[in-house]
Amino acid sequence: MAEIDDIKVIKNHLQNEELKNIYLFYGPENYLKDLYVSRIRARLDVDSMNCYYFGQDADIREIESICATTSMFGDKKLIIVSGSGMFKSSTDTSFADTAQDSDTVVVFKEDEIDKRNKLYKKFCESGVVFNCKKQSPAEIKKVLAYEIKKAKRNITEFVLQYMIENIGDDISKLMNEVEKLILYVSEGEEI
């Protein structure tokens with residue numbers, strides 16, 4: 001599967017298709033990266049014993065070792081790697097093959113990548129790569145309106161536009177403000 005940059009395609013994949021063993025979510029929109037990682041985790045229904053987290057200090061051999069072992073008391077294992085930098089430098093790609101043949105789903109969340117990187121190309125060939133780019137104001141409004149409607153509150157297009165103009169286009173920051181407004185405004189009322 002090649003790189004995806006359409007929200008509808010990745011949403012459809014995560015809801016309907018069989019999950020792949022390797023994922024890369026990259027780009028400046030942290031809200032989307034966190035959202036899709038949480039959807040993968042929910043879909044796998046992985047307990048904490050079968051979930052592993054790595055940051056900048058991620059060791060590729062340790063990840064490969066986890067992929068090579070069997071999951072404990074569950075069907076699948078989940079490895080989440082955030083900000084490793086492995087997609088900007090030369091990295092051994094053999095762990096991707098090990099992950100492909102295992103019961104492990106490996107998810108990378110990166111800010112920046114180099115598309116000439118071998119690991120990036122390997123993920124494009126055998127996994128799912130999604131570019132979490134900044135969204136248009138129209139898409140941001142849809143996300144915010146959905147969350148507000150889910151909380152049984154109402155909001156006008158004008159107020160959503162006002163929020164984007166004054167807070168910015170970072171969905172995470174906007175969601176924080178929406179959560180505050182939801183707590184302040186009673187159910188059924190308009191923000």
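User: Which residues does Val185 touch, not counting residues up to four places away in sequence?
Analyst: Val185 touches Arg153, Glu190 and Ile191, where contact means heavy atoms within 4.5 Å. Please note that this is a predicted model, in which local features need pLDDT of at least 70, side-chain atom pairs count only at pLDDT 80 or more, and totals for chains, interfaces and linings use all residues. Residues are numbered from 1 along each chain as its sequence is written, and side-chain values use heavy atoms, with hydrogens and water left out.

User: How far apart are Val185 and Arg153 in sequence and in space?
Analyst: They are separated by 32 residues in sequence and by 7.6 Å in space, C-alpha to C-alpha.

User: Where is Val185 placed, and is Val185 buried or exposed?
Analyst: Val185 is in the segment after helix 8 (171–184). Its relative accessibility is 11%, so Val185 counts as buried. Buried means under 20% relative accessible area, exposed over 50%, and partly exposed in between (1.4 Å probe, protein chains only).

User: Changing topic: how many helices and strands does the chain have?
Analyst: There are 8 helices and 6 strands. These are DSSP runs numbered from the N terminus, with helices being H or I of at least four residues and strands E of at least two. The pattern along the sequence is β-α-β-α-β-α-β-α-β-α-β-α-α-α.

User: Which residues of helix 3 are buried?
Analyst: In helix 3 (residues 60–68), the buried residues are Ile60, Ile63, Glu64, Ile66 and Cys67. They fall within an arc of 160° seen down the helix axis, so they line one face of the helix. The arc is that of the directions from the helix axis to the C-beta atoms.

User: What covers them?
Analyst: The cover includes strand 3 (51–54), strand 4 (77–82), helix 4 (94–100) and strand 5 (104–110).

User: And the largest nonpolar core: which residues have the most contacts inside it?
Analyst: Tyr23, Phe25, Ile40 and Leu78 have the most contacts inside this core of 37 residues. Its largest share, 6 residues, comes from helix 2 (residues 30–44). A nonpolar core is a set of buried Ala, Val, Leu, Ile, Met, Phe, Trp, Tyr and Cys residues joined through side-chain atoms within 4.5 Å. A second, separate core of 24 residues includes Leu24, Phe54, Val81 and Ile113.

User: What does Tyr23 touch, leaving aside residues up to four places away in sequence?
Analyst: Tyr23 touches His13, Leu14, Ile40, Val105, Val106, Val107, Phe108, Phe123 and Val128.
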